[in-house]
Amino acid sequence: MEPRTLAALALALALALGFAVHHFWGGRPQVVQAPPVESASRSSPVPSPPSFPAPSSAPAPAAASGTASGAALGGGPLLVDVAGEVRRPGVHRLPAGARVADALRAAGGVRPGTDLHGLNRARPLADGEQIVVGEPPTAAAVPGPPAAGSAAGGGPAAGGPVSLNSATAEQLDTLPGIGPVMAQRIIDHRTERGGFSSVGELREVSGIGERRFAELKPLVGP
């Protein structure tokens, strides 16, 4: 054979051998590594808790209502004269909105054995009034505007007895033990009988017993 032919044949064999080696080397199995697994805390971050607005500094409802009630009652302190069967009689300073029971406590309490019948200890106090403990209250004990009809001459004079024949239901309601229902009974009795000829006829009104009549007798007139 000629040298050129041998060279060409050797080159072809070399190419075939190189192709076979490349094919064999590329077809062998290879080790594949899996990607690293991240922790749950890194892959999915925990959401932060929602933020809420800070509570406002508005005053509590109770404090607001207390302020409003104090303003409605004048807001200033009350000076009340407590006399009679108490341990420390005299003028006492009380907060606005105080009751008769508060005035009795400020005066040291009621003396033992004192009759408190007819004394409304839940009544709100007025500035400048006098509370007499142990005596029947009078119609002029609590200061206030004159009752309707008194300016025209139809009602009783200030500090005098309440007229059973001309007093209104509001004036009768100021008497001890007489509420709106009993005041209306007195007016109905006066209308049916044509008036009261004496204070004793008040005993004929339904609901007025001996004890209540004894309390009303010095406070009323025909």
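E129 is buried, at a relative accessible area of 2%. Here buried means under 20% relative accessible area, exposed means over 50%, and partly exposed lies in between (1.4 Å probe, protein chains only). The side chain of E129 meets that of R123 in a salt bridge, at 3.2 Å from N to O. R123 is partly exposed, with a relative accessible area of 22%. A salt bridge here is a side-chain nitrogen of Lys or Arg within 4 Å of a carboxyl oxygen of Asp or Glu.

Some ground rules apply. The model is predicted, so local features need pLDDT of at least 70 and side-chain atom pairs count only at pLDDT 80 or more, while totals for chains, interfaces and linings use all residues. Residues are numbered from 1 along each chain as its sequence is written, and side-chain values use heavy atoms, with hydrogens and water left out.

Side chains of opposite charge can pair when their charged atoms come close. By the salt-bridge rule the count is five. One of them joins D102 to R105, with the closest N and O atoms 2.3 Å apart. Both residues sit in helix 4 (residues 100–106), three residues apart, about one turn of the helix. D102 is partly exposed at 25% relative accessibility. R105 is exposed, with a relative accessible area of 57%.

Another salt bridge links the side chains of R203 and E210, at 3.1 Å from N to O. R203 is partly exposed at 33%. E210 is exposed at 55%.

Now the strands. Helices (H or I, at least four residues) and strands (E, at least two) are DSSP runs, numbered from the N terminus. Strand 1 (residues 78–84) pairs with strand 2 (residues 90–94) in the antiparallel sense, over five bridges. Pairing requires that DSSP finds at least two bridges between two strands. L78 has L94 of strand 2 as its bridge partner. A hairpin of five residues joins strand 1 to strand 2.

How confident is the predictor? The chain averages a pLDDT of 74, and 64% of the residues score at least 70. pLDDT is the predictor's confidence in each residue, from 0 to 100. Confidence is highest in helix 4, at a mean of 94, and lowest in helix 3 (residues 61–72), at 41. Over residues 58–73 the pLDDT is below 50, and this stretch has three contacts in the model beyond near neighbours in sequence. A contact means heavy atoms within 4.5 Å. Residues 137–158 also stay under 50, but for them the model has 28 contacts beyond four places in sequence.
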